Amino acid sequence: MEIIGVDTGGTFTDFIFKTDDGKWGVYKVLSTPHNPAEAVLEGISHVAKKGKFKVIHGSTVATNALLERKGAYTAFITNKGFEDIIEIGRQNRKRLYDLFYKRDEMLVPKELRFGLSCRVNKDGEIIQQIDDGELEALVKKIEDAKAEAVAVCFLFSFLNPQHELKVKKAISRLGLPVSLSHQILSEFREYERASTTIINAYVSPKMKRYITNIVDEIGNNELRIMQSNGGSISATTAMEESVRTILSGPAGGAVGAFEIGKMAGYTKLITFDMGGTSTDVSLIDERLPLTYESEIAGFPVKVPMIDIHTVGAGGGSIAYIDAGGSLKVGPESAGADPGPICYGKGEKITVTDANLYLGRLIPDFFLGGNMKLDRERLDGYFKAMAKSIGMDEFELAEGILTVANTSMEKAIRVISVDRGYDPREFVLFSFGGAGGMHAVFLARLLHIPKVFVPNNPGILSAIGMLLADIVKDYSQTVMLKDNQTTFENLKELFEPLEEKGVQDLLKEGIDIKNIKLQRFLDMRYLGQSYEITVDFKEDYLELFHQMHRRSYGYSDEAKTVEIVNIRLRAVGSPDKPTFERIPKTEREQNEDAILGYRDAMFNRQFYRTTVVDRNKLLAGNIVEGPAIIVEYSSTIVLPSGSVATVDEFGNLIIETGE
């Protein structure tokens, strides 16, 4: 069966697929923001061969529905008196000194928040049953309000879900999708649980329409959707639990970087994914970094996600002069339409335009020559902006790139230096369509000695989707002190989650021998408000003290430890693609790969720069900067002093020369 990986970005939609000769092919089309499915279906029809195929897709539909506030008209049901919990939230204010601070509008307006007189206590005991008459009246209110989706979140429903199930049964006659908090997030903290459940209800109808559209077009072929946790799920599950797909595209990139880096012998990576609209970074220290404390568009989302930090700096990020006369770049992007000026329609200077203006991007080789860039169209726009700020055009272009690089440098510091990691101990793993043009400059700012650029870096997120496992995450709040439980007792608590995890993966078509179960504990010192996630092993207490000491600089082994949640990660390993080694040579220089020479500007000076065809490079070849390496999905810029070596898999390992 043919496998196709698809990643939808703000500018391009990327595809990776097997060609007729058994090799991997890549394809890119401009995204269609008005209807993302159009670009996806166009690409599938272009690359799919006759016969059965499977599509693994990273989608931005749920993300965009949330960011753009274009989700379903959602009703919220909770205990009477708790209807406004989603607006009260937590006491912390993000802009403490902003006298004009105003919170964003809630996803659920006041008129769609409903309370029922029922209660489960902290031990899971029902102390007040639902009144049938009150429930019927509530269903009628939801029907009259013309709600499109319903989120239900009762106190302590993770211990006893009976009331949530009863409400769903009563609402079912309306034909509305209903999200239950104990199914979406079976943990304490009612605000975060309610927020996550509401987001699921808010985005699921739109996601369902999108997925159904694709499924109808591809017929009996299989569609899987990438999750934010780095694993894929069936299309059916994604329609019901769409909140798990919020960061599916960036998660695919992190998985691809981890797997390809590991294959090449690198397990300590800082991933740098620069696309058309944004840059995503993450830190991988031997394993994919997971977080359970995410926030999207100002709302808590407490499902497991790969820990990725995003900034609004991409190839399409727009440069402008602010009210104070300073040069700024992003977060606004030109996107796919109208795109950068050099695409032919845009009217605002972008990062891509600046790279082209400096000679670092070559018009004839963009997307393998399939998309021509208009260099001459840039002159008037650069002259006008440069004049307004009192500098020449080339100084402006380099300034735009410097500002963009600084923004991305700050993002990497957030995930490394700010968390106690030294970037110099890691390799910068660069991908995304624009990443290769900035990676070496960024690495030098952070004193990172090596940059890793994989084959086809512009479509690595799509590659990562093919390399991803099928992953199911489960959690349960237990609230046990260390002197109240033992390792054996905790093992017993995991058993219901393990049984569910195995059954769910068997339904996904995974063979029992390819299933692995990973167990974790959320732990804290008694009285603390936040937890540390620790591997569940016999020495789990010792591991907690070690991790607390690393995170906070101290530990107290005499203090009572609380086990808050148990977590299970069920991992199924499907058949995955393999990547062949490329031919090797003893010759460091490869004249056959040189396409010519051009002038490119670095540090206000033009240099004679070698243009190299990456597809003709062999394992063992070396490319010295200044050079521009071109390929279908990306362009890699090597400034003076940097040296790239081709490894056995065709990856570029660049010594930055810093």
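Which strand gives the most to the lining of the second largest pocket? I began with this question.

**Entry 1: the basis.** I worked on a predicted model, in which local features need pLDDT of at least 70 and side-chain atom pairs count only at pLDDT 80 or more, while totals for chains, interfaces and linings use all residues. Residues are numbered from 1 along each chain as its sequence is written, and side-chain values use heavy atoms, with hydrogens and water left out.

**Entry 2: the pocket.** I noted that E24 gives the most to this lining, with six residues. Strands (E, at least two residues) and helices (H or I, at least four) are DSSP runs, numbered from the N terminus. Among the other elements that each supply at least two lining residues are helix H7 (190-218) and helix H15 (487-507). The second largest pocket holds about 1,100 Å³ of space. Of its 46 lining residues, Gln183, Ile184, Glu240, Glu241 and Lys500 are the closest to the centre. A pocket is an open set of points on a 1 Å grid where a 1.4 Å probe fits, with protein on both sides within 12 Å along at least five of seven lines; lining residues have an atom within 4 Å of a point.

**Entry 3: strand E14.** I then looked up E14 (residues 279-285), where six of seven residues are buried (under 20% relative accessible area, 1.4 Å probe, protein chains only). Strand E13 (residues 268-274) runs antiparallel to E14, joined by seven bridges; strands pair if DSSP finds at least two bridges between them. The two form a hairpin with four residues between them, and Leu269 has Ile284 as its bridge partner in E14. E14 also pairs antiparallel with strand E19 (residues 309-311) over three bridges, where Val311 is the partner of Thr279.

Note on methods. Points joined across faces, edges and corners; volume = space filled by probe spheres on them. Buried < 20%, exposed > 50% of the residue type's maximum accessible area, 1.4 Å probe, protein only.
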